[in-house]
Amino acid sequence: MPSDQRPSTPPTGASLSIQSTPHSQGSGSHYSYQSQNHQSNYKPYLREDIKHQYTITFDEFLNDILHLAPDWIGKNASRISDIVHTQRFGKMVSKFREPVTHETSRYPPFIVLANHVISQLDHNPESNICFCRNDPVLVGGSRAERKPDVAGVRCQSLKVSERSSVDNLMKDGPVGACFWWTELLLFFEFKLIYKQLLEDLVRDAVTRDRSSSTSYH
């Protein structure tokens, strides 16, 4: 083929169809595009991505990722029941459910609650997991530029001076020492839905009014 007829890489920002080459059809090949896109634009790429997903069961996650014993759930069933019926657990749940104006206010009570439950369970010290704030820091190790709100990592990941502890990350995440994708066991995204929050507040208010009225009579 003459040199002046060689195919060239599409320029950054170009508008390509999902069938275009040399890029793959998955979303990972289109991270560098600078154009503004909408949900309808990226849905075809996400569909391509999830074709290759593999879903594991909760037991598989416990056994293969956290390296817990195969009968861990059975042995801890009564312990889990004991934890959720304690007054301390109830207070933590109530704290998490308090009305907030921004989703970031949900991070601390969730992290405290999740780490409390983990600490009360029978687990393998070598694979102990803890939950930390990650937002607003980008996760390292790829050009995807993602910053999940809360991350689940092995406790060894906190043995970095800039991270130090769960409490140290509670306000600004791991600034100066970002988590890497290879460190993340799982992550969480929080969404604050005002409509549902309003409905909960109204329902609670009605319940209190009815209770007060009943006790008064």
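Colleague: Let's settle terms: a polar contact is a pair of N or O atoms within 3.5 Å; within protein, one must be able to donate a hydrogen and the other to accept it, and residues adjacent in sequence count only if both atoms are side-chain atoms. With that, which backbone oxygen does the side chain of Arg163 reach?

Modeller: The one of Ser157, at 2.7 Å. Keep in mind that this is a predicted model, where local features need pLDDT of at least 70 and side-chain atom pairs count only at pLDDT 80 or more, while totals for chains, interfaces and linings use all residues. Residues are numbered from 1 along each chain as its sequence is written, and side-chain values use heavy atoms, with hydrogens and water left out.

Colleague: Is Arg163 buried or exposed?

Modeller: Arg163 counts as buried, at 4% relative accessibility. Buried means under 20% relative accessible area, exposed over 50%, and partly exposed in between, using a 1.4 Å probe and protein chains only.

Colleague: And where does Arg163 sit in the chain?

Modeller: In the loop between β2 and β3. Helices (H or I, at least four residues) and strands (E, at least two) are DSSP runs, numbered from the N terminus.

Colleague: What is Arg163 in contact with, leaving aside neighbours within four places in sequence?

Modeller: The list includes Ser157, Leu158, Pro174, Phe179, Trp180 and Glu183. Contact here means heavy atoms within 4.5 Å. Glu183 also forms a salt bridge with Arg163, with the closest N and O atoms 2.8 Å apart. For that label, a side-chain nitrogen of Lys or Arg has to be within 4 Å of a carboxyl oxygen of Asp or Glu.

Colleague: What does the Glu183 and Arg163 pair tie together?

Modeller: Both lie in the loop between β2 and β3, so the pair ties together parts that are 20 residues apart in sequence. Glu183 is buried, and so is Arg163.

Colleague: How many salt bridges does the structure hold?

Modeller: There are 4. One of them joins Arg133 to Asp135, whose closest N and O atoms are 3.4 Å apart; both residues are buried. Glu98 forms another with Lys95, at 3.5 Å between the closest N and O atoms. Glu98 is partly exposed, with a relative accessible area of 37%, and Lys95 is partly exposed as well, at 48%.

Colleague: Switching topic. How many helices and strands are there?

Modeller: 6 helices and 3 strands, following the pattern α-α-α-α-α-β-β-β-α along the sequence.

Colleague: What do the strands form?

Modeller: The 3 strands make an open, antiparallel sheet in the order β1-β2-β3. Two strands pair if DSSP finds at least two bridges between them. β1 (129-133) and β3 (184-188) are at the edges with a single partner strand each, so one side of each has no neighbour in the sheet. From one strand to the next, the twist averages 25°.

Colleague: What packs on the sheet?

Modeller: Helix α5 (residues 107-120), which touches β1, β2 and β3; its direction makes about 175° with that of β1. Axes are lines fitted to C-alpha atoms, for helices over the stretch in contact, and angles run from 0 to 180 degrees between N-to-C directions.

Colleague: Back to β1. How many bridges join β1 to β2?

Modeller: 5, with β2 covering residues 150-154. Phe131 is opposite Gly152, and Arg133 is opposite Val150.

Colleague: Which way do the β1 side chains point?

Modeller: Ile129, Phe131 and Arg133 point one way from β1, while Cys130 and Cys132 point the other way. 5 of the 5 residues of β1 are buried, so β1 is largely enclosed by the rest of the structure.

Colleague: Cysteines, then. How many disulfides does the structure hold?

Modeller: It holds 0; a disulfide is a pair of cysteine sulfur atoms within 2.5 Å. The sulfur closest to that of Cys130 is in Cys132, 3.9 Å away, too far for a bond. For Cys155, the closest cysteine sulfur is in Cys130, at 3.9 Å, again too far for a bond.

Colleague: Last one: what share of the chain is buried?

Modeller: 29% of the 217 residues. As for contacts between residues at least 6 apart in sequence, 57% join residues at least 24 apart.
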